[in-house]
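Welcome to my notebook. I jotted these entries while finding my way around, and you are welcome to follow along.

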Amino acid sequence: MTLFHLFDSLAQHDADIHDRVSTRRASIKHLSDVGRKAGMTSLALFLGGVLQQAYAGGNRTTAVSAVVDTVKFAYQLEKAELGLYTQARALGTFSAANRAALDVIFANEDGHVAALAATLKNLGLSDADLANPMMFPPRTADLTGSANATMTPLEPNALTDEMACISVLCGSEENGGRAYRGNAYTLKSNPDVLQAALQIHSVETCHATHWREVLGRMVWIQTGDLTQAPNFKVPAMVYAKTGTTTNGLEYPNESNATQAGKAGSVFGVSADRVAVRRGSRHGRRDGAGAAVRLQAADVGFRRSVSPPVLSRLAASPSARKGRRVG
Amino acid sequence: MAEMDKLKAIRDHEIAHREFFKSVLGADRLKDLTPNFSAVNFGSKTSVLNIARTFEDLGVAAYNGAGRFLTQDANLTLAGKIVSVEARHAAMIRDMIVQNSFASRMPMSGMGIDVPPAVLTTPGKDGFDMAMTPDEVPALAAPFITETITNNIR
(Lines give C-alpha, C1' and ligand atoms only; values in the text may rest on other atoms or scores of the structure.)
Protein backbone atom coordinates (compact mmCIF):
# COMPACT_ATOMS: atom_id res chain seq x y z
CA MET A 1 0.00 0.00 0.00
CA THR A 2 1.53 3.29 -0.97
CA LEU A 3 1.26 6.42 1.08
CA PHE A 4 -1.38 7.79 -1.23
CA HIS A 5 -3.45 4.61 -1.12
CA LEU A 6 -3.41 5.01 2.64
CA PHE A 7 -4.75 8.55 2.41
CA ASP A 8 -7.39 7.50 -0.06
CA SER A 9 -8.55 4.69 2.17
CA LEU A 10 -8.60 7.08 5.11
CA ALA A 11 -10.66 9.45 2.97
CA GLN A 12 -13.34 6.82 2.73
CA HIS A 13 -13.73 7.05 6.49
CA ASP A 14 -12.95 10.72 6.93
CA ALA A 15 -14.17 12.89 4.10
CA ASP A 16 -12.14 15.83 5.37
CA ILE A 17 -8.78 14.07 5.42
CA HIS A 18 -7.60 15.77 2.26
CA ASP A 19 -8.34 19.13 3.81
CA ARG A 20 -6.66 18.29 7.09
CA VAL A 21 -3.54 16.84 5.60
CA SER A 22 -1.72 18.19 2.62
CA THR A 23 -1.26 15.11 0.55
CA ARG A 24 0.37 16.75 -2.41
CA ARG A 25 3.57 15.04 -3.35
CA ALA A 26 5.49 18.28 -2.88
CA SER A 27 4.63 18.53 0.78
CA ILE A 28 5.49 14.88 1.41
CA LYS A 29 8.83 15.40 -0.25
CA HIS A 30 9.40 18.39 1.98
CA LEU A 31 8.83 16.23 5.02
CA SER A 32 11.47 13.83 3.78
CA ASP A 33 14.00 16.63 3.41
CA VAL A 34 13.21 17.86 6.88
CA GLY A 35 13.76 14.35 8.12
CA ARG A 36 17.25 14.22 6.72
CA LYS A 37 18.12 17.54 8.29
CA ALA A 38 16.71 16.35 11.56
CA GLY A 39 18.99 13.34 11.46
CA MET A 40 16.11 10.90 11.52
CA THR A 41 15.44 8.39 8.86
CA SER A 42 12.22 6.67 9.76
CA LEU A 43 9.37 7.14 7.35
CA ALA A 44 7.08 6.01 10.14
CA LEU A 45 7.98 9.08 12.12
CA PHE A 46 6.93 11.40 9.34
CA LEU A 47 3.80 9.50 8.56
CA GLY A 48 3.00 9.68 12.23
CA GLY A 49 3.77 13.36 12.17
CA VAL A 50 1.53 13.97 9.20
CA LEU A 51 -1.37 12.10 10.71
CA GLN A 52 -0.74 13.56 14.16
CA GLN A 53 -1.02 17.01 12.71
CA ALA A 54 -4.33 16.00 11.23
CA TYR A 55 -5.76 14.58 14.39
CA ALA A 56 -3.89 16.57 16.98
CA GLY A 57 -5.72 17.93 19.92
CA GLY A 58 -8.51 15.46 20.14
CA ASN A 59 -6.78 12.14 19.90
CA ARG A 60 -3.30 12.87 21.18
CA THR A 61 -2.20 10.20 23.62
CA THR A 62 -0.53 10.85 26.92
CA ALA A 63 2.65 9.32 25.60
CA VAL A 64 2.73 11.62 22.60
CA SER A 65 2.08 14.62 24.84
CA ALA A 66 5.04 13.64 26.97
CA VAL A 67 7.24 13.44 23.90
CA VAL A 68 6.09 16.83 22.64
CA ASP A 69 6.61 18.43 26.03
CA THR A 70 10.12 17.07 26.35
CA VAL A 71 11.09 18.10 22.84
CA LYS A 72 9.71 21.58 23.54
CA PHE A 73 11.91 21.72 26.62
CA ALA A 74 14.93 20.56 24.66
CA TYR A 75 14.18 23.15 21.98
CA GLN A 76 14.13 25.93 24.58
CA LEU A 77 17.38 24.62 26.05
CA GLU A 78 19.14 24.54 22.70
CA LYS A 79 17.90 27.99 21.78
CA ALA A 80 19.23 29.30 25.08
CA GLU A 81 22.60 27.70 24.40
CA LEU A 82 22.66 29.11 20.90
CA GLY A 83 22.01 32.54 22.39
CA LEU A 84 24.90 32.18 24.83
CA TYR A 85 27.27 31.12 22.08
CA THR A 86 26.08 33.96 19.86
CA GLN A 87 26.88 36.36 22.67
CA ALA A 88 30.25 34.73 23.30
CA ARG A 89 31.26 34.89 19.65
CA ALA A 90 30.69 38.63 19.65
CA LEU A 91 33.22 39.08 22.47
CA GLY A 92 36.79 39.96 21.64
CA THR A 93 38.24 38.05 24.56
CA PHE A 94 38.90 34.65 22.98
CA SER A 95 42.20 33.24 21.79
CA ALA A 96 42.34 31.92 18.25
CA ALA A 97 42.18 28.30 19.39
CA ASN A 98 39.25 28.88 21.73
CA ARG A 99 37.50 30.97 19.11
CA ALA A 100 37.76 28.01 16.76
CA ALA A 101 36.18 25.79 19.42
CA LEU A 102 33.41 28.36 19.87
CA ASP A 103 32.67 28.18 16.17
CA VAL A 104 32.54 24.37 16.19
CA ILE A 105 30.10 24.32 19.07
CA PHE A 106 28.03 27.18 17.68
CA ALA A 107 27.53 25.20 14.46
CA ASN A 108 26.48 22.16 16.47
CA GLU A 109 23.97 24.10 18.56
CA ASP A 110 22.61 25.73 15.42
CA GLY A 111 22.08 22.23 14.03
CA HIS A 112 20.37 21.13 17.24
CA VAL A 113 17.94 24.06 17.19
CA ALA A 114 17.05 23.39 13.57
CA ALA A 115 16.65 19.66 14.18
CA LEU A 116 14.43 20.14 17.22
CA ALA A 117 12.28 22.71 15.41
CA ALA A 118 11.82 20.21 12.61
CA THR A 119 11.01 17.49 15.14
CA LEU A 120 8.38 19.68 16.77
CA LYS A 121 6.78 20.34 13.44
CA ASN A 122 6.69 16.66 12.69
CA LEU A 123 5.09 16.10 16.07
CA GLY A 124 2.29 18.43 15.11
CA LEU A 125 3.37 21.99 15.83
CA SER A 126 2.98 24.67 13.20
CA ASP A 127 5.27 27.54 12.24
CA ALA A 128 2.84 29.78 14.07
CA ASP A 129 3.23 27.64 17.20
CA LEU A 130 7.00 27.93 17.08
CA ALA A 131 6.70 31.69 16.77
CA ASN A 132 4.09 31.94 19.51
CA PRO A 133 5.59 33.83 22.49
CA MET A 134 3.12 32.19 24.86
CA MET A 135 4.30 28.72 23.87
CA PHE A 136 7.97 29.63 23.50
CA PRO A 137 8.69 32.74 25.55
CA PRO A 138 11.49 34.75 24.01
CA ARG A 139 14.71 34.57 25.96
CA THR A 140 17.69 36.89 25.88
CA ALA A 141 20.99 35.22 26.59
CA ASP A 142 23.02 36.55 29.50
CA LEU A 143 26.49 35.11 29.91
CA THR A 144 26.90 36.76 33.31
CA GLY A 145 23.98 34.76 34.66
CA SER A 146 22.13 37.74 36.04
CA ALA A 147 18.90 37.02 34.19
CA ASN A 148 19.47 40.26 32.33
CA ALA A 149 20.37 42.31 35.40
CA THR A 150 17.48 41.15 37.52
CA MET A 151 19.55 38.86 39.75
CA THR A 152 23.03 38.81 41.23
CA PRO A 153 25.33 37.66 38.42
CA LEU A 154 26.63 34.12 38.62
CA GLU A 155 29.77 35.18 36.79
CA PRO A 156 30.13 38.94 36.47
CA ASN A 157 33.39 38.67 34.51
CA ALA A 158 31.97 36.54 31.71
CA LEU A 159 31.94 39.38 29.21
CA THR A 160 35.48 40.56 29.89
CA ASP A 161 37.44 37.47 30.91
CA GLU A 162 37.90 34.55 28.53
CA MET A 163 38.11 31.81 31.15
CA ALA A 164 35.17 33.22 33.09
CA CYS A 165 33.12 33.15 29.92
CA ILE A 166 34.19 29.60 29.13
CA SER A 167 33.22 28.49 32.63
CA VAL A 168 29.70 29.71 31.98
CA LEU A 169 29.57 27.95 28.62
CA CYS A 170 30.89 24.80 30.29
CA GLY A 171 28.16 25.03 32.89
CA SER A 172 25.58 25.45 30.19
CA GLU A 173 26.79 22.27 28.46
CA GLU A 174 26.83 20.30 31.70
CA ASN A 175 23.35 21.57 32.48
CA GLY A 176 22.15 20.44 29.07
CA GLY A 177 23.66 17.02 29.58
CA ARG A 178 21.78 16.56 32.84
CA ALA A 179 18.61 17.69 31.15
CA TYR A 180 18.86 15.14 28.38
CA ARG A 181 19.79 12.34 30.76
CA GLY A 182 17.03 13.23 33.14
CA ASN A 183 14.30 13.38 30.55
CA ALA A 184 15.32 10.76 28.00
CA TYR A 185 12.90 8.22 29.44
CA THR A 186 9.94 10.43 28.49
CA LEU A 187 10.80 9.85 24.83
CA LYS A 188 10.57 6.08 25.07
CA SER A 189 7.33 5.93 23.13
CA ASN A 190 9.00 7.53 20.10
CA PRO A 191 12.22 5.62 19.41
CA ASP A 192 13.34 7.89 16.58
CA VAL A 193 13.02 11.06 18.63
CA LEU A 194 14.67 9.27 21.56
CA GLN A 195 17.60 8.30 19.36
CA ALA A 196 17.95 11.82 18.01
CA ALA A 197 17.98 13.13 21.59
CA LEU A 198 20.68 10.63 22.54
CA GLN A 199 22.73 11.66 19.52
CA ILE A 200 22.46 15.29 20.58
CA HIS A 201 23.19 14.48 24.22
CA SER A 202 26.51 12.80 23.54
CA VAL A 203 27.67 15.78 21.50
CA GLU A 204 26.77 18.15 24.34
CA THR A 205 28.96 16.03 26.57
CA CYS A 206 31.81 16.40 24.08
CA HIS A 207 31.38 20.17 24.28
CA ALA A 208 31.53 20.12 28.08
CA THR A 209 34.60 17.93 27.92
CA HIS A 210 36.48 20.33 25.71
CA TRP A 211 35.69 23.33 27.90
CA ARG A 212 36.79 21.40 30.99
CA GLU A 213 40.10 20.73 29.29
CA VAL A 214 40.49 24.41 28.43
CA LEU A 215 39.67 25.34 32.01
CA GLY A 216 42.32 22.92 33.23
CA ARG A 217 39.81 20.66 34.94
CA MET A 218 39.33 16.93 34.83
CA VAL A 219 37.04 16.07 31.96
CA TRP A 220 34.82 13.86 34.07
CA ILE A 221 32.84 14.78 37.15
CA GLN A 222 34.73 14.52 40.39
CA THR A 223 34.50 15.67 43.97
CA GLY A 224 36.62 18.76 43.38
CA ASP A 225 34.01 20.14 40.99
CA LEU A 226 31.77 20.92 43.89
CA THR A 227 34.22 23.30 45.48
CA GLN A 228 33.62 26.85 44.45
CA ALA A 229 36.72 27.96 42.65
CA PRO A 230 37.63 30.60 40.10
CA ASN A 231 36.26 29.72 36.71
CA PHE A 232 34.34 26.69 37.84
CA LYS A 233 31.49 28.18 39.80
CA VAL A 234 28.80 27.68 37.19
CA PRO A 235 29.69 24.10 36.25
CA ALA A 236 29.91 23.21 39.94
CA MET A 237 26.42 24.59 40.50
CA VAL A 238 25.07 22.15 37.95
CA TYR A 239 26.11 19.30 40.21
CA ALA A 240 25.83 20.95 43.60
CA LYS A 241 24.94 18.65 46.43
CA THR A 242 23.66 21.45 48.57
CA GLY A 243 22.71 25.01 48.08
CA THR A 244 19.68 27.16 47.91
CA THR A 245 18.00 28.25 44.77
CA THR A 246 15.51 30.95 44.13
CA ASN A 247 12.63 28.52 44.09
CA GLY A 248 13.86 26.56 47.09
CA LEU A 249 14.54 23.42 45.13
CA GLU A 250 17.88 21.68 44.82
CA TYR A 251 19.16 19.44 42.10
CA PRO A 252 21.85 17.46 43.77
CA ASN A 253 23.76 14.69 42.14
CA GLU A 254 23.57 11.33 43.80
CA SER A 255 26.58 9.70 45.33
CA ASN A 256 28.74 8.55 42.46
CA ALA A 257 29.66 5.39 44.21
CA THR A 258 26.11 4.10 44.18
CA GLN A 259 24.44 3.25 40.91
CA ALA A 260 21.14 1.45 40.39
CA GLY A 261 21.04 0.84 44.10
CA LYS A 262 24.31 -1.01 44.04
CA ALA A 263 27.22 0.15 46.13
CA GLY A 264 30.32 1.00 44.18
CA SER A 265 32.29 -1.67 45.93
CA VAL A 266 30.26 -4.17 43.95
CA PHE A 267 31.81 -2.98 40.72
CA GLY A 268 35.15 -1.80 41.92
CA VAL A 269 34.61 1.86 42.69
CA SER A 270 35.22 3.67 45.92
CA ALA A 271 33.92 7.11 46.60
CA ASP A 272 37.14 9.06 46.45
CA ARG A 273 39.80 7.13 44.69
CA VAL A 274 40.46 4.32 42.33
CA ALA A 275 40.11 1.00 44.04
CA VAL A 276 39.88 -2.10 41.99
CA ARG A 277 38.73 -5.14 43.82
CA ARG A 278 41.02 -8.06 44.26
CA GLY A 279 40.04 -10.77 41.92
CA SER A 280 39.86 -8.64 38.83
CA ARG A 281 42.71 -8.86 36.41
CA HIS A 282 43.85 -5.38 37.38
CA GLY A 283 43.90 -5.97 41.09
CA ARG A 284 45.99 -3.12 42.31
CA ARG A 285 45.30 0.31 43.65
CA ASP A 286 46.24 3.57 42.08
CA GLY A 287 47.16 6.53 44.17
CA ALA A 288 44.68 8.98 45.51
CA GLY A 289 43.80 11.80 43.20
CA ALA A 290 42.74 9.70 40.26
CA ALA A 291 39.14 9.16 41.11
CA VAL A 292 37.07 6.72 39.14
CA ARG A 293 33.69 8.20 38.49
CA LEU A 294 30.65 7.13 36.75
CA GLN A 295 28.81 10.12 35.46
CA ALA A 296 27.74 12.20 38.40
CA ALA A 297 24.30 13.02 37.07
CA ASP A 298 21.38 11.59 38.90
CA VAL A 299 17.97 11.45 37.34
CA GLY A 300 18.29 15.15 36.70
CA PHE A 301 15.35 17.39 36.97
CA ARG A 302 11.80 17.15 35.83
CA ARG A 303 11.02 18.88 32.60
CA SER A 304 8.39 21.00 34.22
CA VAL A 305 10.87 22.79 36.43
CA SER A 306 13.27 25.22 34.90
CA PRO A 307 16.74 24.55 36.26
CA PRO A 308 17.91 27.49 38.33
CA VAL A 309 21.15 27.83 36.41
CA LEU A 310 19.40 27.93 33.07
CA SER A 311 16.87 30.48 34.16
CA ARG A 312 19.62 32.96 34.94
CA LEU A 313 21.50 32.38 31.73
CA ALA A 314 18.51 32.91 29.50
CA ALA A 315 15.87 35.13 30.99
CA SER A 316 12.79 36.65 29.52
CA PRO A 317 13.68 40.19 28.51
CA SER A 318 10.63 41.46 30.34
CA ALA A 319 11.60 39.89 33.67
CA ARG A 320 11.28 42.28 36.52
CA LYS A 321 13.57 42.37 39.49
CA GLY A 322 12.46 39.73 41.99
CA ARG A 323 9.85 38.23 39.71
CA ARG A 324 10.30 35.88 36.81
CA VAL A 325 7.99 36.22 33.86
CA GLY A 326 7.38 33.49 31.31
CA MET B 1 46.95 15.48 33.76
CA ALA B 2 49.63 13.44 32.05
CA GLU B 3 48.56 11.50 28.99
CA MET B 4 49.30 8.11 30.52
CA ASP B 5 47.26 9.00 33.59
CA LYS B 6 44.35 9.94 31.34
CA LEU B 7 44.46 6.57 29.61
CA LYS B 8 44.72 4.76 32.93
CA ALA B 9 41.71 6.63 34.19
CA ILE B 10 39.74 5.63 31.09
CA ARG B 11 40.76 2.03 31.66
CA ASP B 12 39.49 2.21 35.20
CA HIS B 13 36.21 3.72 34.11
CA GLU B 14 35.70 0.90 31.62
CA ILE B 15 36.42 -1.61 34.35
CA ALA B 16 33.79 0.06 36.51
CA HIS B 17 31.31 -0.06 33.64
CA ARG B 18 32.11 -3.69 32.89
CA GLU B 19 31.78 -4.75 36.51
CA PHE B 20 28.57 -2.79 36.83
CA PHE B 21 27.02 -4.62 33.88
CA LYS B 22 28.29 -7.92 35.23
CA SER B 23 26.59 -7.29 38.52
CA VAL B 24 23.35 -6.16 36.89
CA LEU B 25 23.16 -8.88 34.22
CA GLY B 26 24.29 -11.76 36.40
CA ALA B 27 23.91 -15.05 34.56
CA ASP B 28 22.55 -13.25 31.48
CA ARG B 29 25.82 -11.60 30.62
CA LEU B 30 28.11 -12.44 27.72
CA LYS B 31 31.00 -14.65 28.65
CA ASP B 32 34.40 -13.01 28.99
CA LEU B 33 35.99 -12.04 25.70
CA THR B 34 39.53 -12.38 24.39
CA PRO B 35 40.79 -9.25 22.72
CA ASN B 36 42.80 -9.36 19.51
CA PHE B 37 44.96 -6.26 19.21
CA SER B 38 47.43 -7.65 16.69
CA ALA B 39 46.55 -4.80 14.33
CA VAL B 40 47.57 -2.18 16.85
CA ASN B 41 51.13 -0.83 17.00
CA PHE B 42 51.58 -0.29 20.71
CA GLY B 43 54.92 1.37 19.99
CA SER B 44 53.16 4.26 18.28
CA LYS B 45 51.17 6.81 20.25
CA THR B 46 49.22 7.70 17.14
CA SER B 47 48.23 4.10 16.52
CA VAL B 48 47.11 3.61 20.10
CA LEU B 49 45.16 6.87 20.26
CA ASN B 50 43.43 6.17 16.96
CA ILE B 51 42.30 2.76 18.12
CA ALA B 52 41.20 4.24 21.44
CA ARG B 53 39.19 6.90 19.60
CA THR B 54 37.66 4.25 17.37
CA PHE B 55 36.52 2.20 20.34
CA GLU B 56 35.13 5.20 22.17
CA ASP B 57 33.26 6.40 19.09
CA LEU B 58 31.90 2.90 18.55
CA GLY B 59 30.84 2.77 22.19
CA VAL B 60 28.97 6.04 21.94
CA ALA B 61 27.31 4.95 18.71
CA ALA B 62 26.36 1.64 20.31
CA TYR B 63 24.71 3.25 23.31
CA ASN B 64 22.94 5.83 21.16
CA GLY B 65 21.58 3.10 18.92
CA ALA B 66 20.66 0.78 21.77
CA GLY B 67 18.59 3.30 23.71
CA ARG B 68 15.44 2.52 21.79
CA PHE B 69 15.58 -1.12 22.91
CA LEU B 70 15.63 -0.34 26.63
CA THR B 71 12.15 -0.67 28.05
CA GLN B 72 12.74 0.29 31.66
CA ASP B 73 13.11 3.98 32.46
CA ALA B 74 15.83 3.33 35.01
CA ASN B 75 17.91 1.43 32.47
CA LEU B 76 17.57 4.20 29.94
CA THR B 77 18.78 6.68 32.54
CA LEU B 78 21.71 4.48 33.51
CA ALA B 79 22.69 3.97 29.89
CA GLY B 80 22.59 7.74 29.45
CA LYS B 81 24.86 8.19 32.43
CA ILE B 82 27.37 5.74 31.00
CA VAL B 83 27.31 7.00 27.42
CA SER B 84 28.02 10.53 28.55
CA VAL B 85 31.26 9.31 30.14
CA GLU B 86 32.12 7.43 26.94
CA ALA B 87 31.53 10.67 25.07
CA ARG B 88 33.88 12.43 27.46
CA HIS B 89 36.49 9.78 26.73
CA ALA B 90 35.94 10.16 22.99
CA ALA B 91 36.19 13.94 23.10
CA MET B 92 39.31 13.85 25.22
CA ILE B 93 41.08 11.37 22.98
CA ARG B 94 40.08 13.25 19.84
CA ASP B 95 41.58 16.42 21.31
CA MET B 96 44.76 14.48 22.13
CA ILE B 97 45.06 13.57 18.45
CA VAL B 98 43.94 16.87 16.91
CA GLN B 99 43.16 19.92 19.01
CA ASN B 100 39.54 21.10 18.71
CA SER B 101 38.38 17.87 17.06
CA PHE B 102 36.36 16.98 20.18
CA ALA B 103 33.02 17.02 18.39
CA SER B 104 34.15 15.90 14.98
CA ARG B 105 32.72 12.70 13.66
CA MET B 106 35.91 11.72 12.00
CA PRO B 107 35.82 8.59 9.89
CA MET B 108 36.59 5.50 11.90
CA SER B 109 39.50 4.34 9.85
CA GLY B 110 40.18 0.64 9.84
CA MET B 111 36.61 -0.20 10.73
CA GLY B 112 35.12 0.49 7.37
CA ILE B 113 33.03 3.42 8.55
CA ASP B 114 33.31 6.69 6.71
CA VAL B 115 31.22 9.63 7.68
CA PRO B 116 30.42 11.52 4.49
CA PRO B 117 32.61 14.64 4.33
CA ALA B 118 29.62 16.85 3.70
CA VAL B 119 28.20 15.76 7.01
CA LEU B 120 31.41 16.60 8.83
CA THR B 121 31.91 20.05 7.47
CA THR B 122 28.54 21.55 6.66
CA PRO B 123 27.38 23.93 9.39
CA GLY B 124 23.97 23.10 10.74
CA LYS B 125 24.01 19.51 9.59
CA ASP B 126 26.50 18.49 12.20
CA GLY B 127 25.78 18.33 15.87
CA PHE B 128 24.68 14.71 15.89
CA ASP B 129 26.84 11.92 17.18
CA MET B 130 26.52 8.54 15.53
CA ALA B 131 24.02 5.87 16.44
CA MET B 132 24.48 2.27 15.33
CA THR B 133 22.28 -0.76 15.61
CA PRO B 134 23.00 -3.81 17.77
CA ASP B 135 23.69 -5.68 14.53
CA GLU B 136 26.17 -3.15 13.19
CA VAL B 137 28.18 -2.78 16.38
CA PRO B 138 29.37 -6.37 16.88
CA ALA B 139 30.33 -6.56 13.22
CA LEU B 140 32.56 -3.49 13.61
CA ALA B 141 34.13 -4.71 16.83
CA ALA B 142 34.68 -8.20 15.43
CA PRO B 143 38.24 -7.64 14.09
CA PHE B 144 39.36 -6.92 17.64
CA ILE B 145 37.64 -9.77 19.42
CA THR B 146 38.49 -13.44 19.12
CA GLU B 147 35.01 -14.71 19.94
CA THR B 148 31.94 -14.05 17.81
CA ILE B 149 29.25 -11.84 19.25
CA THR B 150 25.72 -11.59 17.96
CA ASN B 151 22.93 -9.64 19.50
CA ASN B 152 19.96 -11.37 21.05
CA ILE B 153 17.50 -8.55 20.77
CA ARG B 154 14.12 -9.60 19.41
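Predicted model: local features only at pLDDT ≥ 70, side-chain atom pairs only at ≥ 80, totals over all residues.

**Chain A overall.** Residues are numbered from 1 along each chain as its sequence is written, with chains lettered from A and ligands numbered from 1 in the order in which they are written.

I also noted 11 helices and 4 strands in chain A (DSSP runs of H or I, at least four residues, and of E, at least two, numbered from the N terminus).

**The core.** I found 87 residues in the largest nonpolar core, and Leu169(A) is among those with the most contacts inside it. Such a core is a set of buried Ala, Val, Leu, Ile, Met, Phe, Trp, Tyr and Cys residues joined through C-beta atoms within 7 Å. Beyond four places in sequence, Leu169(A) is in contact (C-beta atoms within 7 Å) with Leu84(A), Ala88(A) and Trp211(A).

**Positive phi.** Most residues other than glycine have a negative phi, so I checked for others. Ala149(A) has phi near 65°; this residue sits in the loop between strand S1 (140-141) and helix H8 (162-183) of chain A and is exposed. Asn100(B) has phi of about 75° and is partly exposed, with 19 C-beta neighbours inside 10 Å.

Note on methods
Buried ≥ 20, exposed ≤ 12 C-beta atoms within 10 Å, placed from the backbone. Contact = placed C-beta atoms within 7 Å.
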